[in-house]
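Hello,

Please find the structure below, with notes on a few points following it.

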Amino acid sequence: MMHARTGSPHATSQCVFCCASAYVEPITTMTSQPYLQIQNVTKTYGRVAALDNVSLDVTRGEFVCILGPSGCGKTTLLRIVAGLEEQDTGRVIQDGRDISRLPPAQRDFGIVFQSYALFPNLTAAENIAYGLRNGRRRDDAVKAQVNRLLELVGLSEFAHKYPAQLSGGQQQRVALARALTLEPGLLLLDEPLSALDARVRATLRSEITALQKRLGVTTLMVTHDQTEALTMADRIIVMSRGNIEQIGTPYQIYREPATPFVADFVGEMNFLSGTVCSQQTVLCGPFLLNVPHTAMPGSALTLAIRPEDVRVLSELQHAPDTALANVDAVEFLGAHYRLRLRVPSNHVTPDVILTVHLPLNDARARSFSQDAPLPIQIPARHVRVFEPR
């Protein structure tokens, strides 16, 4: 690990932490005043725009996840905040201070990458103590702080273990504890859990979130994992091709996606083609849906509905938003069944293909099998309408 002020030997591509003193009291909780402001930031590599006029405010004490696929610009944005990359245009302001052109050593931040960057020849306690000893603190103060941090991350009994003797999850806890020996005003996390297996990731997600809330440190995390973003963040920034597609709470991002990209990237989604019949109605195969829109009659729209929002009925109801579907495929996924349904249309429009998630308890009360007809409903209140831009 390299501390931007004390200059440890490791490269900045692994881990950097900057701050003034060890944690004692939690930082002030979130306020409405932005702690971090990213203003009209642009970054190009040749003819490729990694970031295109990106602006973002982060409130003090907030946990914000930047979510998007590889190449969307999320890591470039994080590195610009850290000063590891320099923007072409735009500003970065932290706690009222313009840090846009400052080198990393003069910024108040901590950053953790995928690699834990632990010293293999030092024990867990010695790794955690490294930054404190570099700061020429008294031995008794260093020992007390290390013991507090080991207890904080649940590793007191592993103090004398070397990294090779620890699991991946335990190594990550050591890396986090080492980060917390010094008090960054801003914590930057770049895919910190991607090297771990699914079970360990799930455990550490909740642990990191609880720790962040307890300490109140403003946190910006980059991830391509939608589950991480939905479970950890106060707000999510969804990025695509150097642009911000949507900013919102996890609920807003999942239930109210602003664009087809967000709807498709976050969670599973059915996309259906619709034709406007009137100011309030859209025809989608055999379904006539009462959904709000501003398009002209005859216009084509894209409709979207989550698999869990499609209703499987006990019997067919003769209503315009219901139809009889054929079961093309059935997958048992433990807590629910995933059904692939095909709703016959007519010779003019193609069949409607739907993925439906049926909870296990509901499945027990219904009889269904592959190739069997199944009555379903598309509730209009759960349908998102995307009009042509």
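Is Glu-268 buried, partly exposed or exposed? Glu-268 counts as partly exposed, at 29% relative accessibility. Keep in mind that the model is predicted.

Glu-268 pairs with Arg-338 in a salt bridge whose closest N and O atoms are 3.5 Å apart. Arg-338 belongs to strand β19 and Glu-268 to the loop between α8 and β13, so the bridge ties together parts 70 residues apart in sequence. Arg-338 is also partly exposed, with a relative accessible area of 24%.

Arg-255 has two salt bridges to look at. With Asp-309, the closest N and O atoms are 2.7 Å apart. Since Arg-255 lies in helix α7 and Asp-309 in the loop between β16 and β17, this pair ties together parts that are 54 residues apart in sequence. Asp-309 is buried, at 9% relative accessible area. The other partner is Glu-308, at 3.9 Å from N to O; Glu-308 is partly exposed at 36%, and Arg-255 is partly exposed at 23%.

The count of salt bridges comes to 14.

On the helices: α4 (residues 168-179) and α5 (residues 198-215) pack at an angle of about 20 degrees, their axes 10 Å apart. They are therefore roughly parallel to each other. The α4 side of the contact consists of Gly-169, Gln-172, Arg-173 and Leu-176, and the α5 side of Val-200, Thr-203, Leu-204, Glu-207 and Ile-208. By class, that contact has four nonpolar, three polar and two charged residues.

Helix α1 (residues 74-82) is largely enclosed by the rest of the structure, because seven of its nine residues are buried. Just after α1, Gly-83 has a positive phi of about 85 degrees.

Regards

Conventions:
Residues are numbered from 1 along each chain as its sequence is written. This is a predicted model: local features need pLDDT of at least 70, side-chain atom pairs count only at pLDDT 80 or more; totals for chains, interfaces and linings use all residues. Side-chain values use heavy atoms; hydrogens and water are left out. Buried means under 20% relative accessible area, exposed over 50%, partly exposed in between (1.4 Å probe, protein chains only). Helices (H or I, at least four residues) and strands (E, at least two) are DSSP runs, numbered from the N terminus. Axes are lines fitted to C-alpha atoms, for helices over the stretch in contact, and angles run from 0 to 180 degrees between N-to-C directions. Angles under 35 degrees count as roughly parallel, over 145 as roughly antiparallel, 65 to 115 as roughly perpendicular and the rest as oblique. Contact means heavy atoms within 4.5 Å. Ala, Val, Leu, Ile, Met, Phe, Trp, Tyr, Cys and Pro count as nonpolar, Asp, Glu, Lys and Arg as charged, and the others, Gly among them, as polar. A salt bridge is a side-chain nitrogen of Lys or Arg within 4 Å of a carboxyl oxygen of Asp or Glu.
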